Amino acid sequence: MTTQGPGDTKAGTGRRALLGAAVAGASAAVIAPGAAFAQGGQAAAPAGHGSGGGALRDLPEVTVIGHRGTSGYRPEHTLGSYQLALDMGVHIIEQDLVPTKDGHLVCRHENDITATTDVSRHPEFASRRTAKTVDGAELTGWFTEDFTLAELRTLRAVERIPGTRQHNTLYDGLWQVPTFEEVLRWAEKEGRARGRRIWLYVETKHPTYFRGIGLPLEERLATLLRRHGRHTANAALILQSFEPTSIQRLSRLVDTPGIVLLSTAGTKPYDFQATGDPRTTDDLVTPAGLKWISGFAQGIGPDLSLIIPRDKDGALGRPTRLVKDAHAKGLLLHPYTMRNENTFLPADFRRGSDPNAYGDAFGAFHAYFATGIDGLFSDNGDTALLARESYLARRGR
C-alpha cells in the first residue's frame with residue numbers, strides 16, 4: 001500500500017465538504033459529521049422507534065465507539081460494560097453476536113466462552129468441552145452453539161484478560177451473558193429516559209461458520225432489527241462484519257447501514273477463503289476494492305495499522321492513502337481499536353517498562369485523529385472522549 005505524508009491528509013475543510021454531503025440512500029451514503037451535542041457529548045435526538053437522530057449524518061465528528069461496551073473497565077459484553085460506556089457519553093456502543101444451540105443471539109466477542117465466562121467452574125458442563133475448527137483456527141473449549149439459552153444463562157461473565165486488567169476481575173460474576181434482544185430493550189429504555197436514540201454497533205461473528213452448522217446469523221438478526229424498529233437507514237444502528245458477504249446479505253434484508261471490517265495487511269476474509277475468492281485485504285483497500293465495498297456498505301472498519309502502519313520497532317510510520325481513498329468513494333472510516341495500556345500502544349507512545357501500565361494514549365489518539373478518520377473504537381471511552389475534545393479544540397472546532 002502506498003503511503004502519504006501528513007500534509008496530504010486534509011482532515012479539515014476538504015474532508016468536511018465530502019462528509020457534509022446529503023445521505024443518498026442506504027447503499028450509497030456519504031456521511032456528514034457535526035450534529036449538535038446533548039449532555040454527555042452525544043448527538044441530540046428524540047427517542048422512539050423511527051424517530052430522528054438515527055441517521056449516519058447525525059453522528060458527531062470523530063465518533064467515539066465503545067468497544068464491547070467499555071471493556072477497559074468492566075468485563076466485555078456485559079450490561080455493566082454497556083451501561084458504563086453510555087454513562088461516560090460514548091457515541092455508539094458495540095455488540096458482537098453469536099448464536100446459542102437453540103438459535104438465540106447473544107453478546108460475546110467469540111463463540112468460545114472459555115475465557116469470558118465461569119463455564120470451567122461448572123462441573124455439569126465439563127463434558128461440553130470440545131475441540132473445533134472455527135475459521136481455520138483450531139480451538140479447544142466451550143462454545144455457545146453447544147448450549148441452550150437457558151443453560152448459558154446459568155453462567156456468569158468474567159474478565160477475558162485478567163493478567164492485563166486485574167482491576168476488572170473485581171466484577172467477575174456480577175453479570176450474565178446478555179441476549180441481543182435484551183440489549184435492544186435496554187437501549188430503548190435508556191433512550192426513553194434520556195430523550196434520544198441510543199446508538200448500537202452490531203457485528204456478526206463467524207457468519208460463514210455458523211451458516212455451515214445450520215445457525216445462520218443474518219436472518220435471525222434481521223428479524224430482531226425489524227421487531228425493534230432498527231431495520232431502517234435511520235435506525236441509530238450500524239451493522240459490521242469481517243466477512244463482506246455477511247454485510248451484502250444483510251443489505252438485502254434490512255436498510256440498516258453496514259460497515260465492512262478489515263483485518264491487517266496480507267490477510268483474507270474467511271468467506272473469501274471458503275469460496276475461493278482470490279482477493280485479500282490488500283485488494284479491498286485499493287480504490288477498486290473500496291468502490292466494490294461502496295456498492296453495498298456505507299463504510300469500512302480497518303485495523304489501525306491500515307491507517308498508520310508500524311515500523312520494525314513498533315512505532316508509528318507514515319499514514320497510508322486509505323483515509324483519502326475511502327472518502328473519495330463516499331465511505332466513512334471507523335478503525336479499531338485504541339486501548340490505554342502500553343502493551344497495545346505503538347512503541348513511541350509507551351511509557352515505562354510495565355506493559356500493563358497506561359502509556360501516552362492521548363498522543364496516540366491525536367495521531368490517529370489527525371489522519372481524518374471519522375471515528376474510532378476504544379476500550380476506554382472516557383479517555384477517547386477527552387482526547388477527542390482536546391483534538392477538536394486544537395483545530396478550533
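Colleague: What do the buried residues of α13 pack against?

Modeller: They pack against α11 (304–307), β11 (375–378) and α14 (381–394), where contact means heavy atoms within 4.5 Å. This is a predicted model, in which local features need pLDDT of at least 70 and side-chain atom pairs count only at pLDDT 80 or more, while totals for chains, interfaces and linings use all residues. Residues are numbered from 1 along each chain as its sequence is written, and side-chain values use heavy atoms, with hydrogens and water left out.

Colleague: What makes α13 mostly covered?

Modeller: Of its 9 residues, 7 are buried, namely A361, G363, A364, F365, H366, Y368 and F369. Buried means under 20% relative accessible area, exposed means over 50%, and partly exposed lies in between (1.4 Å probe, protein chains only). Helices here are DSSP runs of H or I with at least four residues, strands are runs of E with at least two, and both are numbered from the N terminus.

Colleague: Why is A367 called partly exposed?

Modeller: A367, which lies in helix α13, has 23% relative accessibility and therefore counts as partly exposed. Leaving aside neighbours within four places in sequence, A367 is in contact with I308, L316 and F349; the C-alpha atoms of A367 and L316 are separated by 8.9 Å, although these residues are 51 apart along the chain.

Colleague: Why is H334 called buried?

Modeller: Its relative accessibility is 1%, so H334 counts as buried. H334 lies in the loop between β10 (332–333) and α13 (361–369), and, beyond its neighbours within four places in sequence, its contacts include L59, I238, I300 and F377.

Colleague: What makes the approach of H334 and Y201 a polar contact?

Modeller: Their side chains are joined at 2.9 Å, and the definition asks for a pair of N or O atoms within 3.5 Å; within protein, one atom must be able to donate a hydrogen and the other to accept it, and residues adjacent in sequence count only if both atoms are side-chain atoms.

Colleague: How do you know that β4 and β5 pair?

Modeller: Pairing requires that DSSP finds at least two bridges between the strands, and 5 bridges join β4 (residues 130–134) to β5 (residues 137–141), which run antiparallel.
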